[in-house]
Amino acid sequence: MLALVPLAWRSLTARRVRTLLTVIGIALGVGMLYASLATSLGIEQAVDRTVLEMIGRADLRVAAFEEQGLSEASVAAIRATPGVALAAPSLERRLYVRRAGGGTAAGPVTVLGIDPVLNPQVHDMPLVNGSAITSAGEPSALITERLAREDGYGIGSELTLQAAGEPMKIKIVGIVAGDGPINGAAGRTVIVAIGLAHKVFAATGVTRVDIRVVDGTSPTTVTAALTSRLTADPYVLSTPPDLEASLRATTADFQATLAMIAAVSLFVGAFLVFNTLSLTVIERSREVGLLRAAGATRLQVLWYVMSGAMVLGVLGSLLGLGTGAALGSLVGMGVQATGAAPYEQPRLSAETVAIAAWIGLFVTLVAALEPAWRATRITAIESLRLRIDPGSARRARLRWLVVIFVSVGAVGLLAWPRAAGDLMALRSLAVYGLLLVATILSPLFIAPLARIVGLPFVVLMRLDERLARGSLSRDRSRTALTMGALSVGLAMIVAIGGVAQEARATATAWLANVIPGDEIATSIRPVGLGEPVTVALKAIPGVGSVTPIATFDIAFRGVRLDAAAVVGADFLSDNRLSFEEGSRSDALNGLDTGGSAILARSTADRLGLRVGSTMAFTGGAGKALNLRVAGIVERSIPGRSGETVLVGWTDATGFFGIDGADFFAVRYLPGRQASTQGAFEDAARSLALEPATLNRVQGAVTDALGRVFGLFDALALIAVLIAALGIVNTLSMSVLERVRELGILRATGMTGRQVARMVMVEAGILGLVGSVIGIGTGLAAGAMMMGLGTGFRIAFEPPWLIMGLAVALGFLVSMAAAYYPARLASRISIIRAVQFE
Amino acid sequence: MPTILQARDLTKLYQPGMTSVDALRGVSLDIQEGEFVALMGPSGSGKSTLLQLLGGLDQPSSGDVILAGQQISRLSEDQATRLRRSETGFVFQFFNLIPLLDVTENIGLPFRIAGQNPNKGELKTRIADVIDLVDLKGKERHKPDQLSAGEQQRVAVARALVTRPAILFADEPTGNLDYHTGLELLDALWASCHDRGQTVVLVTHDSKAAAYADRVLVMNDGRIHDQIVLGRRETHETGPLIARLAQLGL
């Protein structure tokens, strides 16, 4: 059975360049998969660490839903609940610090008030220097290592915490390792005793209480008991798995997209293996025929091809692990740089490494099965024929693509990141399936598209164009396979580019459509409507209007929704919001009188609400509120994970417990922005507000989006690179197959340069046709990626710039890939070509 | 008649691996304009190698080839290609046509390669003329796989003639054809020579084909062993040639 294996090895070494390119292709596919697995692992480990840091050894967490926090009564109720062994309260707020001596802070900090006795029993807070805070009320603090580094603090430094309460001078006694205990505080945290924090913020509530249950008691039992006892304030009760799930949900999109790109790269790598081995079998059909004539069994022939594939797979997978390690580090750096997800250098298990290698080998062998099977069908008579039937080759190839697709899809699902849910898996599969369908259908478009894209070549290189086009149309399935890989890579780039462009454009247009101002002044603490801030800002000459806005969470039918408190009259006069249903004036005036809400179309559709529907809310102490949906708008103010439900300030403060505005939207009088902006921004800073023009906010949003999508684009380029290797292989094979034809052209008077040019023209046309198909597929994939998304409603516009770049990329990659085959063609010996049989 | 092709002391040494093979060992010849010359000899005698050197497809190890007044062995690869394009035509035993192109396109290929449009003016007339000569009228739009082997070879002859080359080289053009089809092809070659003054150099091991020639150069062991002058004849009986070959012990 294995008698022909040495021959397979010699067959690989005889075509070193082709073997090398195929191995590199597999290595890149496996490398991409490995990098994706490693990055996902890095993200998950970072999430695990964050969860551990967040909840420590607590079994349950009760978090306040409203800004005032949980009252003393609630904390007391928790402590008195049977089964609660320990309840550690904490308060978390943001503010600016002043250094002793009057220096200004580099940025806001998060203050965490803890119980110095109880907290260490739930949370570890390793110190790199100094000592822990020991007793409640002590005017001392711990700060994070990053804050110490960024702002130049050390043990013994003094700083002043200034918020709504009395200014408090404190002394730094210890430095907490790294970024400290709070995720999302950018590592700038000051930890003080909770009593001191209460004084600083003039507050009595707590943000959350971490609970340890009595040994042997089930957290579920305690949860039930807490639910019946906690009636004073609205709260959210969560367990470590809940927090973990919620954190993972924020990274799911990123991980899912990464996994999808990895699957596409592997699929393209499988294309390369499949195409290369198919071509090899066609090329060696006479040799196989001779082997059959000499008595080789079909099983021996099967092993002959499969053992070659095995060598390619093993070499490719091993090289892929090295490539993947390097690529994984780069992706990890990219993730950290973009801030797209929490990430830490992954600790890779032998299992992860083995999974990537096995998947690479498995996909290679699956891709090789069909060519191997086809080789077993070659009869001894085949060795006497000049050509094998291209029709049967085509049918077999395209059918097998489906098997490869299913295999890669199946291993993709096995390696699917656990954070990404079913919907994302479905979305990725749909996009992935679209790529397959486009590849299978592409032979139908090759001839007409080649004719169109070949037109520019007709003018100067009529013969080259005619021969190149004919060559591409001669075996459309092979062309489809070669070009399919390129199209798939380009489709990913176009799809990602399209989604990115839409996200940027939408974010820009969105803000302009819903924010009634030219400038935004953000506060790190809620600014009460009674405070003179609004009046002070309005008094600045040139300022037309100032409107306060607060964003917060609400719970509706057990689901968390984003909400925003707004002044309806201000939106009415500034003509913001595009109403799709309901009367603009009635709806916006209704917000100010209370009892009304305005929904974004996406939220209304998701919740099945219409104008006139009632949204019922229950609050603490048996409070209840019914809001009537007064209008549905195209887009609302963006929240953390979706569009906000707009409510009036009356309901926001009266029912939802909102203390004040997060930010103010400021509209300048017509033509006065330039002259007023400076004075306004100075005044805003003096009121502890951070001013930013709408353009700057839009710019920051689009920059952040650009960085994340840029990372995806860079990864999709790997698929294009693998496709380029496929083009080199296929064009080289095509040149070798046409050696007689090229010899005739040379004998008839074509120079070596002309022959090379003809191959280049063929590659150019191939690249352009691939680009056109890739763009079409990419647009559909992009629309699909957004159509199946959640939260935000986005309309899809063709990304013209990206499409242009894809055409240029497809053309240039093909031309670059054609260099070697073209050189090969130009050096064909006429004599050997015409004597070749 | 003026001399169109000269070869002086041509040698060709092949070195496959560790061994070396003297394919040609000092060949000199002159071919006159309008002459039909056949190169005959057993396998390995060097006749195809000589044709390749004469046609500029390969470079000699030593010696000179002068075609239409130009010394091919001194030309660069590109210059030799251009000379080949303008002054020679080739017909091989196998694979003469580009499968993607139809009969007219295959015949017009040399013009396309030279950057000319074969669908206009005189070139179009020339193509029609050679199609007529090789008796392929009505099959202009056929692709090679729609033609018989003999028709394919006639297309190859038409393509070789269409540029009105100084000399036409044919390497075993009937080797892949049946007897009657082979004769039709030889008739076409002879007609081009006899009616139009085309110089033809034919490599063959078939005495029936060689009998169409005015002169037969008999090769053996890399040298021209003998020359048999048959003269221009309407009939191409093989008797005199076979008799002479027999005298030579071939």
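Residues are numbered from 1 along each chain as its sequence is written, chains are lettered from A and ligands numbered from 1 in the order in which they are written, and side-chain values use heavy atoms, with hydrogens and water left out. Because the model is predicted, local features need pLDDT of at least 70 and side-chain atom pairs count only at pLDDT 80 or more, while totals for chains, interfaces and linings use all residues.

**Interface**

In chain B, 26 residues are in contact with 25 residues of chain A (heavy atoms within 4.5 Å). The area buried between the two chains is about 2,400 Å², with carbon and sulfur atoms giving 64% (accessible area, 1.4 Å probe, lost on putting two parts together, summed over both). Two salt bridges are counted between chain B and chain A (a side-chain nitrogen of Lys or Arg within 4 Å of a carboxyl oxygen of Asp or Glu). On the chain B side, helices H1 (47-54), H2 (77-87) and H4 (109-113) each supply at least two residues that touch chain A (helices are DSSP runs of H or I, at least four residues, and strands runs of E, at least two, numbered from the N terminus). H2(B) gives the most, with six residues.

**Salt bridges**

Over all chains, the count comes to 29 salt bridges. Two of them are listed here.

| Pair | Distance, N to O |
|---|---|
| B:Asp78 and A:Arg753 | 2.3 Å |
| A:Arg208 and A:Glu92 | 2.7 Å |

**Helix H13 of chain A**

Helix H13 (residues 422-453) of chain A spans only 41 Å between its end C-alpha atoms, whereas a straight helix of 32 residues would span 46 Å (1.5 Å times one less than the number of residues). A kink of about 50 degrees lies at A:Phe445, shortly before A:Pro448 (the angle between axes fitted to the seven residues ending there and the seven starting there).
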